[in-house]
Amino acid sequence: MASQDWFDKDFYKVLGVAKDVSEADLKKTYRKLARKYHPDSNPGDAKAEATFKEVSEAYAVLSDPEQRAEYDQIRAMGSGAPRFTAPGGGNAGFEDVFSMFGQGRGGTRPPSSSSSNFDDFFANFEPGGFGSGRFGQTSGGYRGFGGPTRGSDVTARTTVDFVTATKGETISLQGDDGKPFKVKIPAGVSDGQKIRLRGRGRPSPDGGENGDVVVQVTVRPHPVFVRDGLNLRVTVPVTFTEATLGATIEVPTLGGDPVKLRVAPGTPSGRVLRVKGRGVETSKGTGDLLAEVQVAVPAHLDDAAREALVRFQELEPKENPRAELMSKARG
């Protein structure tokens, strides 16, 4: 922003605050206005976007103690004073009034009609001059509009066991500064999911909002259960006779007592039996326990069992269980 703009723009009025506003109230007011007029909250609204730019520009100056002091001093010079005009009228006289100071850091300046005289006058306020970026330079902000920049995010990783991920728990992690902080692991968190802790990241370099802490969660696999959305899957072996003749079997649950399930006669491998409400319980709902039956083939048979099985083979229906498979493969 050019220095001359500081005469024409009342940043206190833009933000709607008194000239003696405290830093805390200034920040509070700015955040409220920034949320109200932010382009993301007003898509396609050019007026709101322009207001957001003005608000950010005003806060960028007033939030910096040195820039605010300079702004107040410059505004005080022009407050209530008459505008100077050259005999010929126009804006040239406004610049000529500053040439009356005559002395700059480089000695007497020759008259000039360019705006450099005006800028040179403000260069006297600070070594380094107008081009140093002290006047009107804003930091970061939305689409280069200025305003305070948001602090950067901090990434953290943690590994939790399967039960913790399913049931949820509050754990402690160590931050960049070596201090521990709490992280609530929600029930039903999945492997690779990220948890965002708002405002717990690095501070803003110029009075803006803090960044976030983003925690990526790794879940250790369980030896028995597997997640399927909100459902839990478990493979349950049954004997040949249980699957053939039917049986009532026990099935484990996660962190609870086993439940009994009825295996119907003639149940094949791969059939899924459902236990309602024994899956993952979250605020969005509760899943089921899905027990997949797997017929276990005996690895060792004594002579009596082998003879009985041979007799059964002679009596079993002469059906080829692979007939349909072969037919589909050919067709």
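The model is predicted, so local features need pLDDT of at least 70 and side-chain atom pairs count only at pLDDT 80 or more, while totals for chains, interfaces and linings use all residues. Residues are numbered from 1 along each chain as its sequence is written, and side-chain values use heavy atoms, with hydrogens and water left out.

The protein chain holds eleven helices and 15 strands. These are DSSP runs, numbered from the N terminus (helices: H or I, at least four residues; strands: E, at least two). Of the 331 residues, 34% are buried. Buried means under 20% relative accessible area, exposed over 50%, and partly exposed in between (1.4 Å probe, protein chains only). The accessible surface comes to about 20700 Å². Carbon and sulfur atoms account for 51% of that surface. Areas come from the Shrake-Rupley method with a 1.4 Å probe; for residues, only the protein chains shown count as cover. Among contacts with a separation of 6 or more, 53% join residues 24 or more positions apart. A contact means heavy atoms within 4.5 Å.

Helix 3 covers residues 23-37. Its 15 residues should span 21 Å at 1.5 Å a residue, and its end C-alpha atoms are 21 Å apart, which agrees. The expected span is 1.5 Å times one less than the number of residues. Leu-26, Tyr-30, Leu-33 and Ala-34 are the buried residues of this helix.

The largest nonpolar core has 36 residues. A nonpolar core is a set of buried Ala, Val, Leu, Ile, Met, Phe, Trp, Tyr and Cys residues joined through side-chain atoms within 4.5 Å. Val-183, Val-215, Ile-249 and Val-251 have the most contacts inside this core. The core draws at least three residues from each of domain 2 (154-219) and domain 3 (225-295). Domain bounds come from an automatic or database domain assignment. Apart from this core lies another, of 18 residues, including Trp-6, Phe-11, Tyr-30 and Leu-33.

Pro-265 sits in the loop between strand 11 (256-263) and strand 12 (272-275). At 54% relative accessibility, Pro-265 counts as exposed. Its C-alpha atom is separated by 3.8 Å from that of Gly-246, 19 residues apart along the chain. Leaving aside neighbours within four places in sequence, Pro-265 contacts Ala-243, Thr-244, Leu-245 and Gly-246.
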